[in-house]
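Work through the following exercises with the model open, and check each step of the solutions against the coordinates.

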Amino acid sequence: MIDTFEVTNKIPSLGIYIHIPFCIKKCGYCDFNTYSGLDNLKSDYTNAVIKEIEGWGQKASQCVVDSISFGGGTPGEMPAEQLSSILNAVKKSFFVLENAEVTLEANPGTTTSNSMKSFVSAGFTRISFGAQSFSDRNLKFLDRIHAPETISASLDLAKIAGFGSINLDLMYGLRGQTLEAWDRDLKTACELNPDHLSLYNLTVEEGTPLYERVKKGEVTLPSDDTSADFYEHASKELSNSGYVHYELSNWAKPGHESKHNYGYWTWKPYLGVGAGAHGFLEGFRFENIAHPGAYIDASQKGSSPESVILKREYPGLDVSVADWITTHLRLIKGFEEGDFYEEFGIEIEVIAGQILFELCEADIIERFNSAIQLTPRGRLLHSEVAVKFLIYLSGLDLAKYAGKV
Ligand code: SF4
């Protein structure tokens with residue numbers, strides 16, 4: 001049983017993530033906390049999520065919410081009235097800003113025109129479609145259930161319904177994908193003129209069917225070097241089409257950057273609601289029970305949001321500093337030394353001067369005035385940079401900074 005706790009700080013603004021763990025079919029590469037064949041749980045799940053939100057509202061009603069994101073899973077396939085009732089519960093439980101960003105993830109082709117209109121009427125402002133590719137062959141390889149032509153149709157419906165911002169997700173590093181084929185996907189996406197594009201390199205996660213296929217040699221994926229070429233090509237192509245590269249995997253038309261995700265990259269507090277959701281509040285990180293059935297059970301038996309929390313931890317200073325730096329480095333503009341000082345009360349140079357020097361020498365990090373950011377080469381090496389910072393900081397005696405940090 002997790003101890004109860006109160007939200008004591010006056011948090012200036014809070015993001016809320018709501019996990020909807022249902023999909024029509026589980027894709028072979030997906031390691032998210034999602035399930036197919038559990039549609040019978042949707043109604044009880046909605047009630048459990050509402051109960052969790054109301055419980056949090058009693059603890060943190062002083063928090064101002066400026067972004068809400070429904071992810072999954074495929075929230076766009078939930079009945080509109082269930083999503084609307086969840087969103088209404090957030091609005092009743094917290095002070096939600098009038099201009100809050102409210103995002104819905106959806107699959108192309110499966111969200112009807114009427115549902116989209118209902119979502120907009122309920123207060124959703126942004127929709128993100130898991131387009132992935134405009135090639136039928138690629139979509140079949142990824143086990144996606146939509147056909148390429150449904151992407152533009154769904155985008156048109158979303159515009160007509162009145163979403164203020166529309167994102168498309170695309171994937172690269174797919175089996176047999178050539179630079180020419182990737183270029184065609186990018187050009188097709190740009191012709192559709194979405195407000196935002198998220199590009200993801202296909203990663204092979206242990207425990208997925210794709211992992212088994214790669215291990216058996218049934219599937220070979222492009223090399224890291226080829227994926228790096230795809231990334232660099234995308235960067236040029238999207239910049240030529242008026243998109244601003246603002247985060248490692250994200251490009252936006254000016255003013256359409258994702259407010260909710262920006263909160264993650266700048267260490268803003270957020271609540272994670274729903275099965276397997278993660279939250280970050282008052283310095284601790286928590287994670288909810290993953291399986292929707294077990295989550296519903298725990299919710300029905302308990303009387304507070306702690307009932308559905310699986311674990312809660314306060315990361316050590318080394319982990320926190322490494323996480324702060326590497327999360328902020330996801331932003332193309334990086335971060336200001338002053339922001340680090342404001343968070344930890346000590347100059348970054350004192351704690352991490354040596355590793356910053358080494359990474360600058362290796363053309364991975366660059367420093368302008370007081371800004372610290374990844375170089376174009378460093379953007380391809382972000383995961384390695386994160387590991388380097390963690391190892392370096394774990395090897396320091398941070399206790400000597402006690403009282404300062
Ligand atoms: S639709 Fe998305 S969340 Fe659902 S299984 Fe496929 S990749 Fe995972």
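**Exercise 1.** How many residue pairs are in polar contact between domain 1 and domain 2?

*Solution.* The model is predicted, so that local features need pLDDT of at least 70 and side-chain atom pairs count only at pLDDT 80 or more, whereas totals for chains, interfaces and linings use all residues. Residues are numbered from 1 along each chain as its sequence is written, and side-chain values use heavy atoms, with hydrogens and water left out.

Begin with the bounds, which come from an automatic or database domain assignment: domain 1 covers 14-265 and domain 2 covers 318-401. Between domain 1 and domain 2 there are five residue pairs in polar contact, both residues at pLDDT 80 or more; such a contact is a pair of N or O atoms within 3.5 Å, where, within protein, one must be able to donate a hydrogen and the other to accept it, and residues adjacent in sequence count only if both atoms are side-chain atoms.

**Exercise 2.** Identify the side chains that form the salt bridge between the domains.

*Solution.* The count between domain 1 and domain 2 is one salt bridge, defined as a side-chain nitrogen of Lys or Arg within 4 Å of a carboxyl oxygen of Asp or Glu. Glu247 and Arg330 are joined in a salt bridge through their side chains, at 2.4 Å from N to O.

**Exercise 3.** Describe the extent of the domain interface.

*Solution.* First, count the contacts (heavy atoms within 4.5 Å): 11 residues of domain 1 touch 10 residues of domain 2. Next, take the centres over C-alpha atoms, which lie 29 Å apart.
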